Amino acid sequence: MLSFGSAGQRSELFDELERVGPFLFSLLENIPDIVCMISGDGVVHFVNRARPDRAPLEMVGESIYEYLAPESHEAARACFARVVETGSPGLFEAAGFCGQGEAARFETRVGPVEHGGRVAALTLIASDITQRIEMDRRLRDSRDALEFAIAATGLGLWHVDVETRELVWDEGTLRIYGRTVAPRDYRAGIEAVHPDDRAVVDAGVRESLSTGTFADLEYRIIRPDGGLVWVLARGKAIRDASGRVMRLLGGVIDITARKRIEEALQSSEARYRTSIAALEEGIVLQDAEGTIHTCNASAERLLGLTQAQMCGRTSLDPRWRSVHEDGSPFPGDTHPASVTLSTGEPQSGVIMGVHKPGGELTWISINSRPLFLSGPTAPSAVVTSFFDITERKRAEAENARLLAEERAARSRADLLAETSKLLASSLDVVSALEEVVHRWVTSAADLALVELLDEWGEFGPAHAIAIAADDATIEAPYLELRRRAQSEHCPLTEVVREAAVRLVAGRGDGVADPLPGLPAGEGLAERMRYRSTVMIPLTARAEPLGLLVLAARTRTFGPDDLALGEELGLRIAQALDVARLYGEMQTSLQKRDEFIAVASHELRTPLTPVVLQLGRLVQQTRRSDALASAEVEPKLERMQRQIDRMQRLIEELLDVSQITRGHLHLELEDLDLVPLVRETVDGFADNLARAGCRLHLEMPPELRGRWDRTRIEQIIGNLLCNAMKYGAAQPIDVIVREEEDDRVSLSVADRGIGISLQDQARVFQRFERAVSERHYGGFGLGLWITRHVVEAMGGTISLTSTPGVGSTFCACIPRHGPPAATT
Ligand code: ADP
């Protein structure tokens, strides 16, 4: 500090100043502080540095306040006044314009320069404290932040002195440990740790002492009140200049709540994991991008992939090779997981086929659910669950196959039944075939064709053809072509000749062939192209009848089609055979009837004079004693009986031919039935005697009506003959009665062999007999003729019989002829 003394002293002083001046000025220019001398009222006398825009000398004589920011003027003025007044140094803080031209903070020390016992001037040494202020501010801020953090996080601070083992806890640590006073030293402090965790904590502390790095420790402490608290201790080793660890410094935080949550989470996650793992369903978790993050064991099993192989894959991965139920590709962006991620909507019951790495196709039914972890707008993940339905699909496919097979079998059976019905509906098989082939198209084939050999066994110009095609316009041209262009070497002829089914299978390239046998260039060959054709020969009892052709335009015939074709062919052949046999039978029946008519007529012609001659001879023999020998008469009578019998048989045959030709003739007349029946019965007196049958006749006194006399005699005669023949020499009852509804009944009852129930209806048929020819002679025509005669008269005939007991035949006839009698 300079002071002004005597003149001598001043001269020495100036000398000295001049000597040290350059040094001082150099010093003043280079020190970081601003050194300045001012008068008490602030006029600058000296300054070592000026504002950047001015030279220091220019500043001399100017006011110091030029250097100071206006807000600092007041503080400066007060300080200057105090120093001037008290003579003691002062200090003030101000904002000024030195330095880099920007306002900086200065700490300015003000010293008095005394002269004459008073303060004549002031020295100012201003240090730039801008940086220090900033540092202080930052320090304060960070301390505030730390305190806030400590308070907010519940952090407790501690340190251990390595040398003394002294343990220091702050308020936070005391609060966490539930104590008011910290333990004396580290050893006592470790006592607060749960016995199970002490070793770990101690080892951790020792480790950090030796290595200098403090690894985080999580351990339990026991509070004095017995409460258990989980804490996290984090620290740092502080070393001295020699690198030796002096102190351990750190913080401790109560993590009990977190630990509890963790434990709860762990146990619930363990439970969740166990149940997810145990699920039969496959579970896959994908993130918002569709990437698989985790899956359970069932998912691995069902998809044939390990978790590691699956993780990282997305739905879009082509390796899934997923397919829809119809076999079409199932693009990844339409997978349920992708749909759920893009729409936020859950998907359920989506069926997908996935190829396992080995190529095996597994069918799964999938559900997907979105997870909204980060808000309700877009799913942040998707959980997909699925289960294996391969077996179910297999069973369904098998069912569908069986069902289709059953349907096909049923429709084949229907077709066969309908075919049989159509063929049986008429004996004109050729006409029926027209309908039959149309029925087959298009259910069994696109073309159905039947060609029948003509009477010369050829496909001649007039052979029968029935054709039906999906395109009806080809039917007529085909008929025309086949009738016109016959060829010996046509495949159709060959099939008939070889009598073997021929199948023309479609070509692999899908190109259909023209129907075999169609001459090219006829225009039809192009229109009658088929993928497969089957030609089936029609044969009945080894005789070729023709052939059946079935053809399909787009499909290939299989074994079922072949079997159906053969079955249809068989039915046609049978129908043709039956029709032919029927025709033949009709012809032979007709020939037989013609023969009977001719034969009976021809036999009766020579017999009539023989009967007359014989009758006359018998009478002459009886009149002449010469001839009436015991020898001749019985022989003549025997001859007459045989001739009578022969005549009756010939009459029967004549009746047969009359009845079959519908020529049964009635001669109706008014008559009394009683004498007629009596006379007829009397005529059989000899026969009854020979048969050993007694006759009992029961009739009213008179029974008038309108009947055919001869036919009434024929009815009684036939029934009486049978009664004698099969009556076992037992009595016979003939009863004639008047019935209700203006009818009469004629019944003949015997007590003979009887007729079994099953034969009773049969015996009224032509040539039907219920006895053996060896024991009883006859044609089996008597009852048939009787029935026709009774019916011609408008009546009915009935039979009641018991084998071994006897039979009663009863004819019930209107009294006045048939209802619409014309004769
Ligand atoms: P036929 O007597 O010439 O055989 P019928 O038509 O008169 O022909 O009789 C048919 C069949 O009915 C006989 O063959 C016989 O089996 C049976 N039948 C007819 N009448 C009698 C009867 N009274 N008792 C037992 N069987 C009878």
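I took a polar contact to be a pair of N or O atoms within 3.5 Å; within protein, one must be able to donate a hydrogen and the other to accept it, and residues adjacent in sequence count only if both atoms are side-chain atoms. I noted that this is a predicted model, in which local features need pLDDT of at least 70 and side-chain atom pairs count only at pLDDT 80 or more, while totals for chains, interfaces and linings use all residues. Residues are numbered from 1 along each chain as its sequence is written, and side-chain values use heavy atoms, with hydrogens and water left out.

**Entry 1: helix α19**

I used helices (H or I, at least four residues) and strands (E, at least two) as DSSP runs, numbered from the N terminus. At the start of α19, I found a side-chain oxygen of D672 within 3.1 Å of the backbone nitrogen of V674. I then sorted residues by relative accessible area: buried is under 20%, exposed over 50%, and partly exposed in between (1.4 Å probe, protein chains only). In α19, residues 673–683, the buried residues are L673, V674, L676, V677, T680 and V681. They lie on the same side of α19, because they cover an arc of only 165 degrees around the axis, the arc being that of the directions from the helix axis to the C-beta atoms. E679 and G683 are exposed on the other side of α19.

**Entry 2: helix α23 and its partners**

Two packed helices are described by the angle between their axes and the distance between the axes. Axes are lines fitted to C-alpha atoms, for helices over the stretch in contact, and angles run from 0 to 180 degrees between N-to-C directions. I looked up α18 (residues 632–660) against α23 (residues 782–792): their axes are 10 Å apart and the packing angle is about 50 degrees. That makes α18 oblique to α23; angles under 35 degrees count as roughly parallel, over 145 as roughly antiparallel, 65 to 115 as roughly perpendicular and the rest as oblique. On the α18 side, the contact (heavy atoms within 4.5 Å) is made by E652, D655, V656, I659 and T660, and on the α23 side by G782, W784, I785 and H788.

I next examined α21 (residues 709–726), which packs with α23 at about 150 degrees, the axes being 10 Å apart. That makes α21 roughly antiparallel to α23. The residues in contact include R711, Q714 and N718 of α21 and G782, L783 and T786 of α23.

N718 and L783 are 65 residues apart in sequence, yet 7.4 Å apart in space, C-alpha to C-alpha. Neighbours within four places in sequence aside, N718 is in contact with G782 and T786.

**Entry 3: residues in loops**

I found N296 in the loop between β12 (292–295) and α9 (297–303). N296 is buried, with a relative accessible area of 4%. A polar atom of its side chain lies 2.9 Å from the backbone nitrogen of I283. Leaving aside neighbours within four places in sequence, the contacts of N296 are I276, A277, L279, E281, G282 and I283.

Most residues other than glycine have a negative phi. I noted a positive phi near 45 degrees in R321, which lies in the loop between α10 (307–310) and α11 (336–343). R321 is partly exposed, at 45% relative accessibility. R541 also is not a glycine and has a positive phi of about 45 degrees. R541 lies in the loop between β21 (532–540) and β22 (543–552) and is exposed, with a relative accessible area of 56%.
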